[in-house]
Amino acid sequence: GGRENQVWYLKISKLALAFAIIHSKPPGKSCKEYTEHLAKTVSERDFGWKSKVEVLEAEVLRLRQELLLNKVCPRICLENGKPDASAEALLDQERINPVSYSSQLEDSGCDVSNDYAFDSLGTASDFHQSEQNVNTSKPWLEMVPPMNLCCTSKKEFLSVPVQFLQHLLEIRRLSEGGILQADFTELENDTFTVCNSLSQLLDGLTVFYNSPKFPVSNFVTEAVSVLISLVTDTKLSNHVLKKCFKKLEEFKKSLIQIILRNSSVNRFQALHAVSHTLVLLGKNKILRNSLISLLLSEVRRFAEQLLQAYQIQAMYDITQYENIFPLCMMLEQLLQNETEESNISSSDYDGEEKVKFLRNLDQIILHLSDEFPLFSLYLWRVSVLLNSAQIQID
């Protein structure tokens with residue numbers, strides 16, 4: 001009975017609304033035109049309220065960021081991006097090179113400029129080798145732009161979490177050197193601020209990688225730099241992974257799908273940039289193991305589909321075939337890093353995806369080697385890295 005009353009009330013309300021529109025419509029307009037006009041007016045008002053809500057939510061997050069930083073290190077006042085007087089003398093003792101791997105790429109599908117070197121696997125060179133020299137005459141906290149909420153563009157939306165995390169990283173660095181005292185257990189008490197800040201950063205990077213523009217702007221390269229510094233910091237990464245592991249997993253999955261689904265003609269430069277970010281995330285061992293599992297799953301799935309298409313002489317997606325190679329290259333790089341860091345005869349990685357990947361792999365390589373020799377070679381190289389000792393990859 002209650003359900004029938006609700007349905008009846010909805011019908012009566014719609015009928016009343018229709019009569020009201022008919023009676024109030026201005027002369028010279030049809031009921032349809034007037035209804036569309038009213039709908040547009042209401043939606044614009046809703047959009048205005050949504051924008052105001054977003055601004056207020058961003059303001060709340062910014063205030064929580066400032067409060068959290070103050071709790072972690074009360075001696076630093078970051079409202080204007082400068083240390084307070086009590087800490088300034090100590091900060092003057094510290095000079096650093098902030099991490100940055102700004103890489104300006106040429107607008108081409110193949111060529112890259114000299115400052116963005118790729119190794120033999122096609123991925124970017126080691127993160128620390130691409131750091132650029134900067135002016136070291138100022139304390140780091142003075143070099144970081146002041147936190148600002150007025151986000152009128154995608155760039156400014158991304159800059160807010162970047163600045164917050166930059167401040168957090170530098171407080172961590174100075175505390176490790178004995179310059180400051182900081183209590184990072186406060187991060188455990190404010191899950192909202194840390195997770196939302198990192199989520200904004202990851203969402204902004206995902207938007208960029210979906211529609212990348214070259215040369216890469218400085219704020220994007222700085223955002224990636226901050227992300228990598230955060231997940232590789234020995235103390236902060238534990239807090240971040242504990243609270244935001246699921247979001248980081250979604251981010252990695254999104255980047256992998258961006259690689260696989262990209263079908264633009266000049267896409268290879270963008271694929272290198274995405275691959276580079278993923279390899280850098282693999283510097284964290286926990287993220288590396290989950291990333292290896294994701295990559296093994298995608299490469300195995302494609303190999304099985306390609307084998308099936310070959311056996312029945314069906315057409316296969318040539319674009320996805322080309323896009324699978326960055327995933328193979330990343331797998332090689334990550335497994336190499338795993339072997340080098342573990343300093344033993346073989347990789348420590350021993351996940352479920354490894355078993356699935358190696359199952360029937362010899363048969364797949366045997367059937368595909370004549371028609372797809374390069375892909376078969378990559379499959380073999382990955383299998384060797386998964387199983388064997390000290391391999392020298394050409």
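This is a predicted model: local features need pLDDT of at least 70, side-chain atom pairs count only at pLDDT 80 or more; totals for chains, interfaces and linings use all residues.
1. Start with the loop between α6 (191-210) and α7 (218-232), where proline 215 sits.

2. Glutamine 313 has a positive phi of about 55°, though it isn't a glycine. You'll find glutamine 313 in the loop between α10 (285-311) and α11 (318-342), and it is exposed, at 65% relative accessible area.

3. Asparagine 360 is another non-glycine residue with positive phi, near 65°. Its place is the loop between α12 (352-358) and α13 (361-368). Asparagine 360 counts as exposed too, with 53% relative accessibility.

4. On to charges: the whole structure has 18 salt bridges. Take arginine 172 and aspartate 233, whose closest N and O atoms are 2.9 Å apart. Arginine 172 belongs to helix α5 (residues 154-176) and aspartate 233 to the loop between α7 and α8 (236-261), so this pair ties together parts 61 residues apart in sequence. Arginine 172 is buried at 5% relative accessibility, and aspartate 233 is buried at 15%.

5. Have a look at arginine 288 and glutamate 338 as well, a salt bridge at 2.5 Å, N to O. This pair links helix α10 to helix α11, with the partners 50 residues apart.

6. Arginine 300 and glutamate 304 make a local pair: both are in helix α10, four residues apart, or about one turn. Their closest N and O atoms are 3.5 Å apart. Arginine 300 is buried at 18% relative accessible area, whereas glutamate 304 is partly exposed at 38%.

Methods
Residues are numbered from 1 along each chain as its sequence is written. Side-chain values use heavy atoms; hydrogens and water are left out. Helices (H or I, at least four residues) and strands (E, at least two) are DSSP runs, numbered from the N terminus. Buried means under 20% relative accessible area, exposed over 50%, partly exposed in between (1.4 Å probe, protein chains only). A salt bridge is a side-chain nitrogen of Lys or Arg within 4 Å of a carboxyl oxygen of Asp or Glu.
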